[in-house]
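Please read them beside the coordinates.

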Amino acid sequence: MFGLGGSTPQVSSQQKLQAAEAELDMVTGMFNQLVNQCHKKCINASYYESDITKQEALCLDRCVAKYFETNVQVGDNMQKLGQSGALMGRQ
Amino acid sequence: MDQLNVKEQQEFQQIVEQKQMKDFMNLYSNLVSRCFEDCVNDFTSANLSSKETTCIAKCSEKFLKHSERVGQRFQEQNALLMQNLQKR
């Protein structure tokens with residue numbers, strides 16, 4: 001009757017912290033990759049000046065936007081592939 | 001994600017601080033590597049030339065400004081993403 005069956009499982013403190021840490025790692029990892037890749041794609045490595053040019057700034061803004069869109073699309077694609085069984089053996 | 005209570009938040013804050021320190025160390029060595037790669041190519045001397053020194057200074061400053069801008073855009077895009085995910 002009361003408290004028997006059907007209730008959501010208790011998530012321990014340890015598990016909550018681990019989940020929070022995993023999420024933080026994921027976001028930090030994504031950010032670091034983003035910094036490196038957009039630098040490669042947008043910043044002139046001749047370093048004529050120490051400021052970001054207007055062109056580079058525009059490129060960076062677009063680079064970040066596209067990276068996020070790519071992230072979403074890859075997520076969707078993986079979901080579809082997972083459903084069709086293409087990811088079997090990887091899960 | 002489950003919400004953390006006060007005690008858990010404190011514990012998590014410690015974890016965050018440790019990660020921030022590690023992240024800073026990585027940023028530093030990454031930057032050294034990058035500026036060395038891009039700026040230092042003249043090995044006729046064991047001392048950095050003035051050209052190389054200037055390049056390194058610009059490289060460092062530019063990277064930090066770049067990182068700052070990417071950080072701002074990242075926050076904006078992340079906020080948008082959160083909004084869109086809630087709509088789905």
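Which residues does B:Ser67 touch, not counting residues up to four places away in sequence?

1. B:Ser67 touches A:Phe31 and A:Val35, where a contact means heavy atoms within 4.5 Å. B:Ser67 sits in helix α2 of chain B, residues 50–87; helices here are DSSP runs (H or I, at least four residues) and strands are runs of E of at least two, numbered from the N terminus. Its relative accessibility is 16%, so B:Ser67 counts as buried. The classes are buried under 20% relative accessible area, exposed over 50% and partly exposed in between, with a 1.4 Å probe and protein chains only.

2. On provenance: this is a predicted model, in which local features need pLDDT of at least 70 and side-chain atom pairs count only at pLDDT 80 or more, while totals for chains, interfaces and linings use all residues. Residues are numbered from 1 along each chain as its sequence is written, chains are lettered from A and ligands numbered from 1 in the order in which they are written, and side-chain values use heavy atoms, with hydrogens and water left out.

3. The interface brings 37 residues of chain A into contact with 33 residues of chain B. About 3,300 Å² is buried between the two chains, 64% of it on carbon and sulfur atoms; buried area is the accessible area (1.4 Å probe) lost by two parts on being put together, summed over both. A:Leu17, A:Tyr47 and A:Phe68 supply 20% of what chain A buries against chain B, more than any other three residues.

4. There are 16 residue pairs in polar contact between chain A and chain B, both residues at pLDDT 80 or more. A polar contact is a pair of N or O atoms within 3.5 Å; within protein, one must be able to donate a hydrogen and the other to accept it, and residues adjacent in sequence count only if both atoms are side-chain atoms. On the side of chain A that touches chain B, α1 (13–42) and α2 (54–84) each supply at least two residues, and α1(A) gives the largest share, 18 residues.

5. Over all chains there are three aromatic pairs. The rings of A:Phe31 and B:Phe74 have centres 5.3 Å apart and planes at 70 degrees, so this pair is edge-to-face. Rings of Phe, Tyr and Trp (its six-membered ring) pair if their centres lie within 6.5 Å; planes under 30 degrees apart count as stacked, over 60 as edge-to-face and the rest as tilted. B:Phe74 is buried, at 8% relative accessible area. A:Phe31, A:Phe68 and B:Phe74 form one aromatic cluster.

6. The whole structure holds nine salt bridges over all chains, and seven are found across the interface of chain A and chain B. The rule asks for a side-chain nitrogen of Lys or Arg within 4 Å of a carboxyl oxygen of Asp or Glu. One of them joins B:Lys65 to A:Asp51, with the closest N and O atoms 2.4 Å apart. B:Lys65 is partly exposed at 27%, and A:Asp51 is partly exposed at 39%.

7. A:Glu56 and B:Lys62 form a salt bridge, their closest N and O atoms being 3.1 Å apart. A:Glu56 is buried at 5%, and B:Lys62 is buried at 2%.

8. A:Asp61 has a salt bridge to B:Arg69 at 2.8 Å and another to B:Arg73 at 2.8 Å, N to O. Salt bridges that share partners join A:Asp61, B:Arg69, B:Arg73 and B:Glu76 into one network.
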